[in-house]
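Let's take a walk through this structure, one piece at a time. Have the sequence and the 3D view open as you read.

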Amino acid sequence: MGCCVPETPGKNAIEVREVRKVFGAGEAQVVALETVSVSIRENEFFTLLGPSGCGKTTLLRLIAGFDFPTAGQIMLYGEDIAPLPPFKRPVNTVFQSYALFPHMSVAQNIGFGLEMLGKPKSEIKARVAEMLKLVRMEALANRRTSQISGGQQQRVALARALAPQPKVLLLDEPLSALDYKLRKEMQIELKRLQSETGITFIFVTHDQEEALTMSDRIAVMSSGKILQVGTPHDIYDRPAERFVADFIGETNFLKAEVVGQTNGRATVKLSSGVEIPASLPAGFSPAGKVTIVIRPEHAHLAGANDKASLSGVVENVVYLGTDTHFHLRLDDGDAFIVRQQNSRGGGDLVAQGSRAGILIGSDAAQVLKD
Amino acid sequence: MASAEETARAADRKDIRERWLLSAPALAIIFVAAIGPLFVMLAYSFMMKGDYGDVKPWTFSLDGWTSVLFQRDIFDDTLGLADAHLTILWRSIRLSFYTTLLTLIFGFPTAYFISTRAPTTREIWVFLVTIPFWTNLLIRTFAMQQVIRNEGLVNTALIWLGVIERPLQIMNTDVAILLGMVYVYLPLMVLPLYASMEKLDFRLVEAGYDLYASRWQVLRRIIFPLVKPGVIAGSILVFIPSLGAYVIPRVLGGGKNMMLGNLIELQFGSGRNWPLGAAISITLMVLVMIALLFYVRNVSKSETGHG
């Protein structure tokens, strides 16, 4: 955790301490969350990323209070909120289905939380107006929630959850029901809202692109465990485990052998016999055979005069407009993809079926734990 | 074009004709068996009563209607309010109202319980609720009598436990009628309530809790408004038959604690006053129609409310 970026000083908004969640009992028992610990800092846009069933929504529901942990503590600014019912937690949720109250108007929906907190009418009115302005919905204040579009419902759901000024805002895949263009818009909108309100956001998604573009930090989850926590950069460039590398972006996996180690970096020997430097996950010092990952855009096709690290046959050339993918079959039989950016008049494309060498950047390779 | 339009219109006409033909038997039954007798009742209520029951045909009289609310003093022949009828009318409305209220209070948690079970077990619970319908109303009412009579289950148990020394007089009171009606009509409240609760999106309940609403506030502000159509439907389904109940007050209320149904039966039976019986019947029907109008107005309001 936080392997490559020093822990910035600052308070933790949420600390999940060894939380475990088991549903059902006996034979039908399902472990939704293995013992999980994670800290989320104040004012952070924190994302829980993983495929469906990885436990990310369970963790969110435990923080919201809709479920209670089987074991462990959930600290909100140092206070254990795990045993509290949801209506006693200064935490609000934006639901995947929005869950707007159909029998109330847009303004009534937004004011509901404040009303339940017993705020005076004048304050509720002012705050609702402020929220409507924040999400740019002033004109639709008196509409029924069934009379507005999906994107507008999304904004109302956000405004409703933000109105009581929660300490932490939880977002459960809030963009998944929107079409592509609207989703892009809302991503920017969410970032804007987060920086304007200064509220800590915990965002759940299975969309790696969404996670990379919006988050300050990401926790990648799989089968009830948190595999890696880090900035989008960390997660993308320095995946610690195969699952993380595979789940986020395209990756080349290569077999290699560790031949030397210094200061958290290793020298690995590739199947071609060439030795290249590679980064190691924090606190991990392997010996012998390992798997390394190299992102397609961190490798290049070798020119005639270069000394290639690897070589193989170009099996396929895929032109994608901005860049071109070269699918190679290495001499040891593994597949390898090189992505090269296109430029106009950018010279000779390597032809399909020809042999080509691959250059690997000095900081491109990363050793995996498994 | 014109000919095509004409054939289309001819086909439409044929369609309509056939629809009428097909629905004719049903319409005939509705008219002969339901609407026809109503007109007979209406006519009877405006005729003079016969000496041995029946009516004197084609002799107009308002006696039937005046004696719904008024009675003639036997000595000086002045009109006074018919206290007995008013008492019965008031008892009917009051007991029906309490029955509706109590079935709502008992039925709401029951329906909520069923609708929060797993889908497969829900069906079993609904099935259990409908079991009483398998038995004849009269038998169920007599069973109730066995529970509440002086030597019945409740009194025997209470005496055995030493809570009371002498049996509580429940039989032949309004309380007995109320107990019987709540017992018999409870499923009619539970089923429509369950039908609307089953459709309730429980994520809205979670959203309510998330927005600082306590359990009571979630019930009052979110669940109740959303299942209101079910509450109204259940209330109507219980209130209307309660108002016209006959068997339950007859068996549990004894001869003294009559409701409108018993009063009507009395007029057509030993009372030998058919015009009065007919007039009370129509009064009852009007009361039911008022209740139904209230229902229709509320439902349409809450439906437009939902957009």
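A residue counts as buried here if 20 or more other C-beta atoms lie within 10 Å of its own. Keep in mind that this is a predicted model. By that cut-off, buried residues make up 31% of the 307 residues in chain B.

Let's stay with chain B for its overall build. Chain B has 13 helices and four strands. Its radius of gyration is 25 Å, well over the 19 Å that the globule rule gives for 307 residues, so chain B is more spread out than a compact globule. As for how the chain folds back on itself, take the contacts in chain B with a separation of 6 or more: 66% of them are between residues 24 or more positions apart.

Now for where the two chains meet. Here 21 residues of chain A are in contact with 17 residues of chain B. On the chain A side, the elements giving two or more residues are β6 (91-94) and α2 (106-116), and α2(A) gives the most, with three residues. Sorted by class, that side of chain A has 13 nonpolar, seven polar and one charged residues.

Finally, the nonpolar core. The largest one holds 156 residues, and A:Ile63, A:Ala159, A:Ile202, A:Val268 and A:Ile292 touch the most other members. Its largest share, 16 residues, comes from helix α7 (residues 174-198) of chain B. Zoom in on A:Ile63: leaving aside its neighbours within four places in sequence, A:Ile63 is in contact with A:Ile14, A:Ile74, A:Val91, A:Leu170 and A:Ile202.

How values were computed:
Residues numbered from 1 in each chain as written. Chains lettered and ligands numbered in written order. Predicted model: local features only at pLDDT ≥ 70, side-chain atom pairs only at ≥ 80, totals over all residues. Rg over C-alpha atoms; globule rule 2.2 N^0.38 Å. Buried ≥ 20, exposed ≤ 12 C-beta atoms within 10 Å, placed from the backbone. Contact = placed C-beta atoms within 7 Å. Nonpolar A, V, L, I, M, F, W, Y, C, P; charged D, E, K, R; others polar. Core = buried A, V, L, I, M, F, W, Y, C linked by C-beta atoms within 7 Å.
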